[in-house]
Amino acid sequence: MSVNPPVEDFATDWDHADPEWVHDPYPIWQDLRERCPVAHTERYGGAWFPATHEGVAKIANDTENFTSRAVIINNGRPDELDMPAPIGGAPPITSDPPFHQIARRLILPALAPGPINALEPRVRSLCVDLLDEMKDHEVVNGGMDYAQHIPPAVISRMLGFPEEDEELFRSFVHQVVNAIDQPVEQRIEQFQPIIDYFEIQIEDHRAHPRDDLTSYLLDVEVGGEKLAIEHVFGTMILILIAGIDTTWSAIGAALWHLAKSPDDLARLVNEPDLMPIAIEEFLRFYAPVTMARLVNKDMEYLGCPMKEYDWILLGFPAANRDPKVFEDADKFIIDRLENRHLAFGLGIHRCAGSNLARMELRVAIEEFIKRYPRFELADPEAVTWAPGQIRGPRNLPIRILA
Amino acid sequence: MYHERGLVKVVIDAELCQGHGRCFTMAPDLFSFDDLGSGVVIGDGTLNDETVALARLAQLNCPEHAISIEE
């Protein structure tokens, strides 16, 4: 797993690749909220972790003092890997104002509820097909047989990539968001197959334009000019990477919860109208995504001596468990009515794919519990969690009950 | 209740809305969305005894605090 030394005190030496953090970060975050509340580490060249809702919200909304130029913490310094601000390597997630808004407006229409709702029947039939394939198995793998297959099929169709390359997409995702503690040279080297693959896809779309996001990005104009190829490339990478293991993690975490919470499972099966409320509680309680920022200049901030180019890890999942904002924050309440969760972030970088993610999560759970109204964890100890900034179960053996 | 003291309206502050989609997911009879996915109030936002509770619920779920209820 992690190549880094074990952590002794998360307040002064935190590491989100540490096995303890990967396995169960919530007690760590609770401790940090009470003790710090902004934790520091010298790892990754220096990084801060605000553990409270207040700290996360303040930084997420402060695009002056923090840049989004690099959003995945790694061992490299940002300028080795990334395009400069305000564009960044994967617009708009890596962009700052004012360019950010231009890049974001380009992709929002394709991700707005209208076009996303139109995809729902296809997602539903995909889930049904996956469930058909598991038929007659006493133990199924909620991660490997189910959750991990749903988002890549949708994203590859949106980008116009061959669906049979699904396995390749997951390896790209692993490279970008899971292998975070590798040396920077290794990260650059392992990124090459992603670049090669995208170049082939871009060439193919140039030769044969069609109705998908890749052709749209190659064709669209801003101020009378087509986008720089680096921009097209970066946005395609963003959609592929951000659209896959995030939602896969959310679906897996919801199944994990239901497998060990028979009362919640029974309520969802018996009260389908509860689903929209329950989905938001899954998102709050098991928010999979944390995003990074970089400090723009040396400054005292939230009582911390921050240095230019220090990383910030924005713990949206930690903010979602802050008892100052959420009553019984550490309790999963399936019919929680008041729920201002930050699973999709806060401010101008609100997850652009949130409508898609929410629809995929809802449909995946609806179809699973329709087929299997009763199930449990087959082997709780065997469940593994993805390391890094996107957290969700990977190996998830589930026993189907009669 | 509320409307006895005058017209009650729900409003979305377009400057604050970031398109989380919580309002139109939770209360699709009161809220819809534009081409970019930002929340918009359906009609003029006037609420009655039945819809005011739903509007309050949407307000309590907006992460950006973009929804307000005006009397």
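Reader: Which residues of α12(A) are buried?
Author: In this predicted model, the buried residues of α12(A) are Arg187(A), Ile194(A), Phe198(A) and His205(A).

Reader: And how far does that helix reach from its first C-alpha to its last?
Author: Helix α12 of chain A, residues 184–207, has 24 residues and reaches 35 Å between those two atoms, which is close to the 34 Å expected at 1.5 Å a residue.

Reader: Where does α12(A) bend, then?
Author: The bend is at Gln192(A) and comes to about 25°, and a proline, Pro193(A), follows within four residues.

Reader: What sense does β1(A) have against β2(A), parallel or antiparallel?
Author: The two strands pair in the antiparallel sense over four bridges, with β2(A) covering residues 47–50. Within that pairing, the bridge partner of Val38(A) is Pro50(A), and Thr41(A) stands opposite Ala47(A).

Reader: What about the hairpin between them, which residue takes a positive phi?
Author: That is Tyr44(A), with a phi near 55°, in a hairpin that has five residues between the strands.

Reader: In what order do the strands of that open sheet run?
Author: The sheet has five strands in the order β1-β2-β10-β7-β3 of chain A, and its pairing is mixed. The edge strands are β1 and β3 (66–67) of chain A, each of which pairs on one side only.

Reader: I was also looking at β12(A), so what stands opposite Ile398(A) there?
Author: Val140(A) stands opposite Ile398(A), and Leu377(A) stands opposite Ile398(A) as well.

Reader: Changing topic, is Glu133(A) buried or exposed?
Author: Glu133(A), which is found in helix α8 of chain A, residues 120–133, counts as exposed because it has 12 C-beta neighbours inside 10 Å. Glu133(A) and Tyr146(A) are 13 residues apart in sequence and 9.6 Å apart in space, C-alpha to C-alpha.

Reader: How many residues of chain A are in contact with chain B?
Author: There are 21 residues of chain A in contact with 16 residues of chain B. On the side of chain A that touches chain B, the elements giving two or more residues are α6 (99–111) and α19 (354–371), and α6(A) gives the most, with four. The residues of that side divide into 11 nonpolar, five polar and five charged.

Reader: Stepping back, how many helices and strands does chain A have?
Author: Its secondary structure comes to 19 helices and 12 strands. The radius of gyration of chain A is 21 Å, close to the 21 Å that the globule rule gives for 402 residues, so chain A is as compact as a globular protein of that length. The C-alpha trace of chain A spans about 60 × 60 × 40 Å along its principal axes, and buried residues make up 52% of the 402 residues.

Technical notes:
Residues numbered from 1 in each chain as written. Chains lettered and ligands numbered in written order. Predicted model: local features only at pLDDT ≥ 70, side-chain atom pairs only at ≥ 80, totals over all residues. Expected span 1.5 Å × (residues − 1). Bend = angle between axes of the 7 residues up to and from the residue. Buried ≥ 20, exposed ≤ 12 C-beta atoms within 10 Å, placed from the backbone. Pairing = 2+ DSSP bridges. Contact = placed C-beta atoms within 7 Å. Nonpolar A, V, L, I, M, F, W, Y, C, P; charged D, E, K, R; others polar. Rg over C-alpha atoms; globule rule 2.2 N^0.38 Å.
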